[in-house]
Every structure is written in structure tokens, then in C-alpha cells.
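Please look over the sequence and the structure shown below before reading the notes that follow.

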Amino acid sequence: MFNLYISEAISLADKIIVLSKRPAKIKKIYDIKLTNKKNPIENRKAPEFSIYYEKIWKDLDVNVK
């Protein structure tokens with residue numbers, strides 16, 4: 001489920017803020033800069049998309065079983 005939210009955020013946002021677990025503190029701020037930003041579907045094809053996705057996923061510290 002988290003992967004859908006990450007993809008959506010990257011394809012729509014100009015900035016993503018990753019928070020730590022409670023008590024929440026800012027862990028990382030990403031300024032999203034995609035090549036040829038057009039619309040959410042095309043944005044997912046940008047070469048930078050997968051790089052942002054991997055970094056944000058790692059920062060979330062989500063244990064998937």
C-alpha cells in the first residue's frame with residue numbers, strides 16, 4: 001500500500017517531507033525535480049522517478065513481511 005502513496009506523491013508533488021516515527025520529526029526533505037514534468041502518468045516515466053522512489057522507500061523504514 002505504501003508504494004502506491006510514494007508513487008503518487010512523487011508524480012504529483014514538488015516537495016516531499018519524510019517524517020520519523022513518533023514523536024514525528026522531519027527526517028528528510030526531497031525537492032522533486034522530474035525531467036519534462038507534464039502529468040502524473042508521464043511523470044512516472046521520468047528517469048529520476050525510480051531514484052526518488054528508492055530513496056524515499058528506504059527513509060520510511062517500513063518493514064514489509
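In this predicted model, Lys37 is partly exposed, because its relative accessible area of 34% falls between the 20% limit for buried residues and the 50% limit for exposed ones. The side chain of Lys37 meets that of Asp14 in a salt bridge, with 2.9 Å from N to O. Since Lys37 sits in the loop between strand 2 and helix 2 while Asp14 sits in the loop between helix 1 and strand 1, the pair ties together parts that are 23 residues apart in sequence.

**Salt bridges**

- Side chains of opposite charge can pair when their charged atoms come close.
- The count of salt bridges in the model comes to four, among them the pair of Lys37 and Asp14.
- Asp14 is classed as exposed because its relative accessible area is 56%, which is over the 50% cut-off.
- Arg44 forms a salt bridge with Glu8, and the closest N and O atoms of the two residues are 2.7 Å apart.
- This pair links distant parts of the chain, with Arg44 in the loop between helix 2 (40-43) and helix 3 (49-60) and Glu8 in helix 1, 36 residues apart.
- Both partners count as partly exposed, Arg44 at 35% relative accessibility and Glu8 at 37%.
- Another salt bridge joins Glu42 to Lys45, where the closest N and O atoms are 3.2 Å apart.
- In this pair Glu42 is partly exposed, with a relative accessible area of 33%, whereas Lys45 is exposed, with a relative accessible area of 58%.

**The hairpin and its nonpolar patch**

- Strand 1 and strand 2 form a hairpin with six residues between them, and the two strands pair in the antiparallel sense over five bridges.
- Leu19 has its place in strand 1 and stands opposite Ile26 in strand 2.
- Ile17, Leu19, Ile26 and Ile29 make a nonpolar surface patch of about 380 Å², to which strand 1 (15-19) and strand 2 (26-31) each supply at least two residues.
- In a regular strand the side chains alternate between the two faces of the sheet.
- Leu19 is partly exposed, with a relative accessible area of 48%, so this residue passes the requirement of over 30% that applies to members of a patch.

- Ile6 is found in helix 1 (residues 2-12) and counts as buried because its relative accessibility is 6%, which is under the 20% cut-off.
- When residues up to four places away in sequence are left out, Ile6 touches Tyr53, Ile56, Trp57 and Leu60.
- Although Ile6 and Tyr53 are 47 residues apart in sequence, their C-alpha atoms are 6.7 Å apart in space.
- Ser7, which also lies in helix 1, is buried with a relative accessible area of 11%.
- With residues up to four places away in sequence again left out, Ser7 touches Arg44, Phe49 and Tyr53.
- Tyr53 is therefore touched by Ile6 and by Ser7, each of which is buried, at 6% for Ile6 and 11% for Ser7.
- Arg44, a contact of Ser7, is also the residue that forms the salt bridge with Glu8.

Terms used:
Residues are numbered from 1 along each chain as its sequence is written. This is a predicted model: local features need pLDDT of at least 70, side-chain atom pairs count only at pLDDT 80 or more; totals for chains, interfaces and linings use all residues. Side-chain values use heavy atoms; hydrogens and water are left out. Patches are made of residues with over 30% relative accessible area and no salt bridge: like charges are joined within 9 Å, nonpolar side chains (Val, Leu, Ile, Met, Phe, Trp, Tyr) within 5 Å. Accessible areas come from the Shrake-Rupley method with a 1.4 Å probe; for residues, only the protein chains shown count as cover. Helices (H or I, at least four residues) and strands (E, at least two) are DSSP runs, numbered from the N terminus. Buried means under 20% relative accessible area, exposed over 50%, partly exposed in between (1.4 Å probe, protein chains only). Two strands pair if DSSP finds at least two bridges between them. Contact means heavy atoms within 4.5 Å.
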